[in-house]
Amino acid sequence: MQKISEVYNKLYHYTTMDGLIGILQTQSLWATHYKFLNDFSEIILFRDKLISLMYPHIRECVEEIIKQSTQIKQNIDKIGGLEHVIQHEAQVLIDAQYSALGDEIYILSFCGQNTNPNINENGLLSQWRAYGSGGGIALVFDTKKLEEIRDIESKRFVYSAMHISNLIYSNDENKLKEEFSEDLSILADIVKQFFTLSNIRAQKEVDSSKGYMPFVRCISRYKHYGFSEENEVRVVVLPTVIDQELLDLAKADGKALKPEKERKFRNKNGQFIPYIELFNSNDIELPIERIIVGPHKEKEARATALGVMLRNTKIEISCSDIPFVG
């Protein structure tokens, strides 16, 4: 899969003034549990799409099975017919993958560079609107260096998955086929193994481990077209839970486990939101190149204050020229 730094040189992360201060002081970024983001269809949106994409592969296998076994054909007819059985089996298989994955998926979001240079210079109006009269801040990151500290993070803590990728929006079928083709091909091959007559008769277990990362990438990179203006790039992490079984396996193999990532919680309007801190190591410095102060009546004063705070750094500070008043 293409590195995101080969697509975007810079990435933009929008936050509040208080959020910026926290980021600068801790040199860390927060990845939020997907169920607490502003899109209720996160992760699950791709379920129905994946079922429809796997359907023809299952159909091909089932039709081949029917040719080899009249008894199976009779059984299929008794329980609703071919179409019903294929749809049911596709749903069961995909839902089992979701269930095996679990709920602990955390997402850190950025906006990719825009084709409009004015937006890259002054920020995205829809993002500034999200912060209203309180004003927002955009941090501009060097993408390649962000990938480098992502690699350090993945080596220091135990994660079952971690990737940084651009998103595919639900109205872009061509891009979906282009960018998901390799992962979907792997998933299709695994699906076919489940519906091979010899495997069914032998009750042979199918090794689906090769499909783990393709499945994670597909479901976490697919988003509703209504958010397409954000041109989102995200870091997706699945922190591993170190339980007794994992400890026993590590001990038996004579291996030392990396530390588990701490889950933290913040309070937002009375709701406790789970998150994890990424890159919060003493030897990691966030690759922030520029800070854009969003539209606000005191934006110049904010920029001045940040200039004093960051006087010993090379971080550039500018103000958005978008005349939004909130």
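Before I start: a residue counts as lining a pocket when it has an atom within 4 Å of one of the pocket's grid points, and the helices I name are DSSP runs of at least four residues, numbered from the N terminus. I also note that the model is predicted.

**Entry 1: the second largest pocket.** I found 19 residues in its lining, with Ile 65, Glu 89, Phe 194, Phe 195 and Ile 200 nearest the centre. Two or more lining residues come from each of α2 (46–68), α3 (70–78), α4 (82–101), α8 (173–194) and α9 (197–202). Which element gives the most to this lining? I see that α4 does, with five residues. By class, I noted 13 nonpolar, four polar and two charged residues here.

**Entry 2: the largest pocket.** Next I looked up the largest pocket, which holds about 1300 Å³ of space. It has 36 lining residues, and nearest its centre I found His 13, Tyr 14, Thr 32, Tyr 131 and Arg 266. Strands and helices both contribute: among those supplying at least two residues are β1, α1 (17–26), β2 (29–33) and α6 (125–131). I wrote down 15 nonpolar, 13 polar and eight charged residues for this lining.

**Entry 3: the cavities.** I then searched the whole structure for cavities of 30 Å³ or more and got two. Of its lining, α8 gives the largest share, four residues. I noted nine nonpolar residues, three polar and no charged ones.

The second largest cavity has about 70 Å³. Among the residues around it I found Tyr 12, Tyr 14, Cys 111 and Glu 229. This lining does have charged residues, two of them, beside five nonpolar and three polar.

**Entry 4: helix α7.** Last, I checked a helix. What span should the 14 residues of α7 (residues 143–156) have? At 1.5 Å a residue I expect 20 Å, and the end C-alpha atoms are 20 Å apart, so the two agree. At the start of α7, I saw a side-chain oxygen of Asp 142 within 3.1 Å of the backbone nitrogen of Lys 144. Thr 143, Leu 146, Glu 147, Ile 149, Arg 150 and Glu 153 are buried in this helix. I listed what covers those buried residues, including β1 (10–15), β3 (106–112) and β4 (137–142).

Technical notes. Residues numbered from 1 in each chain as written. Predicted model: local features only at pLDDT ≥ 70, side-chain atom pairs only at ≥ 80, totals over all residues. Heavy atoms only, no water. Expected span 1.5 Å × (residues − 1). Buried < 20%, exposed > 50% of the residue type's maximum accessible area, 1.4 Å probe, protein only. Contact = heavy atoms within 4.5 Å. Polar contact = N/O pair within 3.5 Å; in protein donor to acceptor, adjacent residues only side chain to side chain. 1 Å grid on protein atoms, 1.4 Å probe; cavity = no way out; pocket = protein on both sides within 12 Å on 5 of 7 lines; lining within 4 Å. Points joined across faces, edges and corners; volume = space filled by probe spheres on them. Nonpolar A, V, L, I, M, F, W, Y, C, P; charged D, E, K, R; others polar.
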